[in-house]
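Work through the exercises below with the structure in view. Try each task before you read its solution.

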Amino acid sequence: LDGLALRASMLARCAEPDAYFKVVDLLFKQQHIWARSQDPVAALSRIAKLVGVKQSDFEACMANRALASQIVAMRQAGADKYAVNATPTLIINGETYRGDREFPVFDKFLKNKLGKN
């Protein structure tokens with residue numbers, strides 16, 4: 001949703017395919033560190049190293065305009081088609097579910113969607 005989130009998303013996509021979810025997990029677990037850092041790109045670089053991305057590969061990833069454009073296009077498509085403008089936003093069976101809610105609220109929503117009331 002912003003330039004820093006774009007860079008974090010780029011990092012996840014530049015890691016080895018089998019490390020994608022590990023990177024995403026680390027990004028969320030350490031978000032309070034890298035997102036508030038004086039040098040957030042350096043903080044993202046440290047996360048990259050944790051998952052085996054070499055510094056030169058990290059720098060190439062951050063400079064990859066084609067990847068950045070692809071991610072921005074996906075974000076715009078989500079905004080245009082589903083009115084996604086914040087996280088978390090889930091689209092389930094064509095219905096948009098927005099907001100950071102407690103699990104019981106989300107569980108009730110899912111059970112309703114699945115017809116398991």
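**Exercise 1. Find the partner of Asp25 in a salt bridge, and say where the two residues lie.**

Solution. This model is predicted.
- Step 1: Asp25 pairs with Lys29 in a salt bridge. Their closest N and O atoms are 3.1 Å apart. The cut-off is 4 Å, so the pair counts.
- Step 2: Both residues belong to helix H2, residues 20-29. They are four residues apart, about one turn of the helix.
- Step 3: An α-helix has 3.6 residues a turn, so residues three or four places apart point the same way.
- Step 4: Asp25 is partly exposed, at 37% relative accessibility. Lys29 is exposed, at 56%.

**Exercise 2. How many salt bridges does a search of the whole structure find?**

Solution.
- Step 1: The search finds two.
- Step 2: One of them joins Asp107 and Lys111, at 3.1 Å from N to O.
- Step 3: Both residues sit in helix H7, residues 103-113, four residues apart.
- Step 4: Asp107 is partly exposed, with 22% relative accessible area. Lys111 is partly exposed too, at 38%.

**Exercise 3. Which residues of H6 are buried, and what covers them?**

Solution.
- Step 1: Buried means under 20% relative accessible area. In H6 the buried residues are Leu67, Ala68, Ile71 and Gly78.
- Step 2: Seen down the helix axis, these residues fall within an arc of 105 degrees, so they line one face of H6.
- Step 3: Their cover includes helix H1 (3-14) and helix H5 (55-62).
- Step 4: On the other side of H6, Arg65, Ala66, Asp80 and Lys81 are exposed.

Terms used
Residues are numbered from 1 along each chain as its sequence is written. This is a predicted model: local features need pLDDT of at least 70, side-chain atom pairs count only at pLDDT 80 or more; totals for chains, interfaces and linings use all residues. Side-chain values use heavy atoms; hydrogens and water are left out. Buried means under 20% relative accessible area, exposed over 50%, partly exposed in between (1.4 Å probe, protein chains only). The arc is that of the directions from the helix axis to the C-beta atoms. Contact means heavy atoms within 4.5 Å. A salt bridge is a side-chain nitrogen of Lys or Arg within 4 Å of a carboxyl oxygen of Asp or Glu.
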